[in-house]
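Have the coordinates open as you read.

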Amino acid sequence: MKHSSTDTRHPNDAPEQVLRIEGLNIDFVTDAGAIPAVRGVDLEVKAGEILAIVGESGSGKSVTARTALGILAENGAAHGGVYLNGKNMLTLHGAQLREVRGRDVAMVFQEPSTALNPVFTVGWQIMEGIRTHSKISKKEAKARAIEAMRQVGIPHPEQRVNYYPHQFSGGQKQRVVIAAALALKPRLIVADEPTTALDVTVQAEILSLLRELRAELGTAIVIITHNMGVVADIADRVVVMNQGQIVEQAPALELFERPQQDYTKSLLAAVPHLGRESASASLSERPHTDASVLVEAKGLGVHFPGRLGSAGFTAVKDVDLKIHAGEVYGLVGESGSGKTTIGRSIAGLNRITSGSLKVLGYEMAAFKERSFKPLREQIGFVFQDPAASFNPHLTVGECVAEPLAVHRELNPAQTRAKVSELLEAVQLPAGFAQRYPHELSGGQRQRASLARALALDPKLLIADEPTSALDVSVQAKVLELFRELQTELGFAALFVSHDLAVVDQLATWVGVLYRGNLVEEGLGSKVLAKPQHTYTQRLIASLPVPDPREQAQRRALIEELNQG
Amino acid sequence: MTTQTLPSANTSWLKQLPVISHLRMSSGLQRGMLVAGLVLSVLFFLCALFAPLIAPFDFAQSSDASGDFPRQAAPDAKFIWGTTATGYDVFSRTLYGAQTAIWVIVAAVVMSLFVGVLLGLISGYLGGWFDRIMVVLADAIYAFPSLLLAIVMSIVISQGQSSLFGGIMAAAISITVVFIPQYFRVVRAEVMRLKAEPFVESAQVIGASPWRVMFTHLLRNSTRTLPLIFTLNATEALLTLAGLGFLGFGIEPTAASEWGYDLNRAMSDATSGIWWTGLFPGLAIVLTVMGLTLVGESMNDLNDPRLRRFSRKKAKRITQSTQRGATQ
Amino acid sequence: MTITSPPGQETSPIAAPKAKNQGGGFLRYLITRFLLIIPTVFILITVVFFLMRVTGDPITAAMGGRLTPDQLAARIHEAGYDRPILVQYFEYLGQVFTGNLGRTLSDNRAVTEVLSTYGAATLELAINSVIVALLVGIPLGLVAAKFRDRYPDAILRILAILGYATPVFFAGLILKLVFGVWLGWLPISGRADWQTELELTGLQSPSGIYWLDALRSGNMEAFWNVTEHALLPALALGLLTGGVFLRLVRTNAIGTLGREYVEAGRSRGVSEFRLTTKHAYRPALIPIITVMGLQIAMLLGGAVLTETTFEWSGLGFKLAEYLTARDFVAVQGIVVLLAIIVAVTNFIVDVLAALIDPRVRY
């Protein structure tokens with residue numbers, strides 16, 4: 001693939017500049033008046049460059065990047081200049097704007113399953129963009145669509161061009177979205193969190209695809225992400241945004257090695273780095289093995305029946321594991337690995353269908369809510385989404401007190417005292433008891449959730465991805481709190497996560513799940529250093545680390561693994 | 001980017017009442033629709049309340065001290081909307097019709113609300129064979145033409161003929177039976193959705209009893225959309241009542257005034273060009289239903305923050321002024 | 001407590017091409033959906049049967065005042081209504097199964113004959129109204145969705161609410177007054193002039209749908225006469241149903257217009273018109289069709305009122321007549337037939353929706 005020689009660049013423009021944003025201000029108008037989203041953003045993207053815009057939720061990174069396509073929510077107003085190949089996208093309208101979109105700049109979305117229309121074939125969707133911009137026959141457009149699909153590495157593109165989106169896997173759908181963006185060979189692609197919805201092993205593949213495309217076609221890419229590992233893996237240059245403003249702008253290597261601003265430093269410090277601060281660093285053997293066994297699974301299987309004769313789904317197959325009193329067991333796996341199902345089975349939220357699972361001596365194969373109920377006070381549960389795990393109509397205090405209301409008979413004053421004690425333990429002011437859940441931030445809600453789970457001094461805590469809905473800086477604080485409370489109270493915990501780095505920081509003993517099978521178990525530091533199973537090896541290699549130099553070496557390793 | 005508008009703690013409870021809070025946060029076209037709806041609804045309510053004071057005659061009065069009323073008389077000074085074939089005053093009958101309508105609406109909606117919500121809650125949460133039977137039953141009834149079901153019910157209840165109270169209750173119960181499946185479906189669907197929400201599961205892992213889960217956690221969260229259904233069903237109750245009356249299954253004209261029945265009588269008048277006997281009761285139905293529907297729809301729009309939109313132009317205008325303010 | 005789907009799981013990834021599997025899922029869906037008709041119809045027949053018998057037997061209801069108690073008892077015994085209710089119920093089920101819905105009390109005709117005589121007229125009215133409703137509802141609903149919260153939308157919504165708020169018999173009354181009585185443009189009742197009616201019913205194997213029969217006979221005058229008569233009822237019922245469809249299309253199209261795939265289309269330079277009529281419309285059509293199926297039930301309810309208003313001699317018109325005569329055997333027969341029609345229509349509609357949805361098809 002050669003660089004296209006028919007570029008129509010503005011003569012006054014610097015030849016290598018694709019996008020220049022100047023003094024961009026964006027506000028959103030709501031009932032409460034205008035809310036500033038972006039303030040005074042200046043940045044530029046050169047041809048063939050990969051620029052990463054990083055920031056936590058609400059930093060304005062996505063809104064900023066989308067103006068490159070002239071896309072803005074209807075209640076938004078933008079002022080300033082967004083020059084794409086010299087044309088100000090903020091002043092273009094109607095047909096002029098449509099002409100530019102897709103031809104000069106294209107977009108890749110976060111969630112490939114929502115970015116593709118379920119009722120049209122993928123070929124139709126790729127061809128549509130092609131036929132909008134050039135008057136060519138259907139046949140020719142189809143040939144180009146097939147070519148684009150081949151380019152993004154979809155096998156058998158001639159047949160699969162006629163497939164509907166639901167017939168592809170998540171990673172392949174994202175490839176199709178990229179193919180549609182590439183179809184007209186735009187000079188700039190805006191990728192909004194393109195790998196956030198994907199598993200890490202798939203993420204690695206998509207990132208390497210983007211890197212290859214840049215090398216082959218010279219397309220500039222603006223990648224929006226919250227993941228520092230992704231930045232370290234792919235970006236040439238980085239823009240850090242916070243609260244609508246640019247905090248720092250630097251080449252990737254420089255930013256990671258010599259961050260100038262405090263915000264950037266704290267952001268980098270909060271990112272869990274694979275293999276650092278391992279909870280099992282000083283251990284050589286599994287601890288707590290002499291303590292009593294709280295959870296014991298033997299040949300555990302969980303099968304969900306399908307509807308109306310359609311095939312069911314086996315989430316967990318033949319899993320053996322043990323959790324001892326006082327031990328933190330980390331369970332890692334990608335989506336569909338069965339990790340959440342195991343956690344839920346232990347809490348009696350779903351039934352097991354084969355094998356044996358003993359929880360605090362109770363056999364879950366013969367589960368009856370009535371007989372299990374007395375044991376429930378010894379089990380705490382923290383859910384993934386802190387926003388959804390509180391009843392919006394009850395105050396935080398009422399929610400935290402619910403276990404007390406069910407299992408203890410306390411008078412209102414005693415309950416109040418206990419609630420303030422619990423809130424204090426999770427470092428929340430006692431006054432929060434009167435507030436409603438929506439008045440708290442995500443991190444505060446997750447603390448309150450922890451307080452509720454610990455209300456009855458449980459022996460066992462099950463934490464299902466407790467930090468994956470949080471920003472990294474908040475995640476770091478919640479993890480720290482979890483660690484402190486565990487040391488202090490000494491409860492056993494099952495910590496479920498897709499993030500190996502996080503699990504290793506908290507859990508001494510780690511199990512790796514792959515498609516319902518427990519493929520590997522061991523001390524966290526051992527599993528990371530010497531993974532035995534090929535899946536674990538791929539998983540570890542795929543996880544990008546927030547360090548461009550180290551990541552470059554790891555990338556070489558993945559390529560080796562993929563070839564082998 | 002989510003911007004939630006939250007009721008701040010210091011606003012009075014009055015301002016937080018459903019309709020009033022909606023009115024406060026509406027603007028532009030939406031406000032116009034809500035206000036129009038409220039005006040029509042209040043008008044309907046006042047007519048029902050003060051019918052005996054406003055109406056010059058009784059609803060079944062065909063004569064006074066000066067003798068029998070003329071039949072099918074065109075509107076004039078004494079009978080401002082004319083008289084019917086039986087000599088009743090159309091204006092008075094139309095006013096009294098609001099009274100009948102409101103009784104039937106309130107009775108029908110309250111009864112179906114209680115039964116439907118309760119069944120939906122229990123069926124959706126507990127599941128099992130009870131749920132399966134209820135769903136098949138509700139679906140079968142839901143798919144059935146509601147007017148036909150109401151006819152069958154009114155045959156069952158009153159053999160089709162009735163007094164004031166009996167007629168109102170017969171109509172109300174017929175309508176109730178039609179509506180229960182609707183409330184049932186809505187609440188059950190909502191309960192099924194909420195059942196998988198972490199806040200319900202967190203109550204389950206704590207060991208809360210099914211009753212506690214249903215009544216502390218599910219009930220209030222699953223009845224969020226009910227004000228809307230309430231207004232929409234009120235209109236459907238009114239239309240069903242009118243339909244029954246039109247087919248002769250309503251309330252005897254001497255027992256109460258009912259718009260649908262009057263329209264039935266007016267059909268033959270229309271053929272000979274007599275418009276006033278049908279127009280006014282008909283308009284009464286249309287305006288009442290429109291009023292209630294406008295209120296319900298506007299409330300629904302305003303309840304969903306994602307549905308509330310500002311035009312690009314307006315956004316530009318508002319921010320332009322802040323921009324100018326910032327640079328000055 | 002049952003959990004029907006595994007929580008936190010993606011839909012199973014389908015990586016390899018799977019040509020073998022195609023079509024099988026749809027056939028299974030078709031069969032299961034078809035079998036679902038049986039319990040629905042069975043429940044309705046049962047509910048209607050018991051409801052109608054709770055208060056007494058049909059003969060007392062129909063002739064209570066006119067016969068002496070002895071005569072009444074004799075008639076009741078003769079018809080078998082004095083036997084235990086369960087015996088009657090199972091006998092009735094057997095009769096329905098063999099296509100026998102009994103004989104009417106007021107004019108002593110077989111209910112099935114009444115149904116076949118008047119069914120076509122109702123079908124004709126329903127088809128005409130659905131055509132009007134679709135022509136009005138779909139395009140205007142899309143316009144309203146596209147211009148939501150702006151003037152075109154506000155005006156269309158108010159018109160749709162007006163359509164919903166107007167009882168069909170009141171709309172009929174106004175239409176009759178304006179177009180029939182005052183302007184004198186259109187006939188105000190019946191399905192055709194009596195000469196035309198005579199001619200059309202005299203045709204060989206008439207379909208009963210007049211405009212079809214008129215077209216077949218090649219008599220353009222008759223066709224015009226039939227159209228003239230059909231216009232007002234179709235408008236009255238069709239515009240009201242159209243209002244409901246408009247709201248339905250609007251709501252669903254607003255939902256799909258906000259989806260990311262529309263934004264993706266926009267980012268490829270696709271025009272707003274195409275985004276609305278293709279990207280948003282097609283996926284919205286799936287729920288729209290399903291709900292429209294349920295509206296058919298409403299339409300049939302409306303047909304009863306429309307037919308009475310315009311003296312359109314279909315099932316609804318006859319139903320009103322039998323109701324006045326308190327002939328509950330006939331009423332029960334018509335109600336059961338309408339229930340079956342509704343169940344079958346819903347089945348067809350669900351299959352149509354599935355055909356549009358590739359996720360069901362493949």
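What follows covers chain C overall, one of its helices, and some aromatic and charge-over-ring geometry.

This is a predicted model, where local features need pLDDT of at least 70, side-chain atom pairs count only at pLDDT 80 or more, and totals for chains, interfaces and linings use all residues. Residues are numbered from 1 along each chain as its sequence is written, chains are lettered from A in the order in which they are written, and side-chain values use heavy atoms, leaving out hydrogens and water.

**Chain C overall**
- Chain C has 16 helices and zero strands, taken as DSSP runs (H or I, at least four residues, for helices; E, at least two, for strands) numbered from the N terminus.
- Of its 362 residues, 53% are buried, with buried meaning under 20% relative accessible area, exposed over 50% and partly exposed in between (1.4 Å probe, protein chains only).
- Among chain C contacts (heavy atoms within 4.5 Å) with a separation of 6 or more, 71% are between residues 24 or more positions apart.
- Chain C exposes about 16200 Å², and 67% of that comes from carbon and sulfur atoms; areas are Shrake-Rupley with a 1.4 Å probe, and for residues only the protein chains shown count as cover.

**Helix α7 of chain C**
- Helix α7 runs over residues 151-165, and its 15 residues reach 21 Å from first C-alpha to last, close to the 21 Å expected at 1.5 Å a residue (1.5 Å times one less than the number of residues).
- Buried residues in α7(C) include C:D153, C:L156, C:R157, C:A160 and C:Y164.

- A:F367 and A:F372 make a tilted pair, 5.3 Å centre to centre with 55 degrees between the planes.
- A:F367 is buried at 10% relative accessible area, and A:F372 is buried at 0%.
- C:F49 and C:F50 have centres 5.3 Å apart and planes at 90 degrees, so they're edge-to-face.
- Here C:F49 is buried at 0%, while C:F50 is partly exposed at 29%.
- Over in chain A, A:R435 lies over the face of A:F432, 4.4 Å from the ring centre.

Technical notes
Phe/Tyr/Trp six-rings, centres within 6.5 Å; stacked < 30°, edge-to-face > 60°. Lys NZ or Arg CZ within 6 Å of the ring centre and 35° of its normal.
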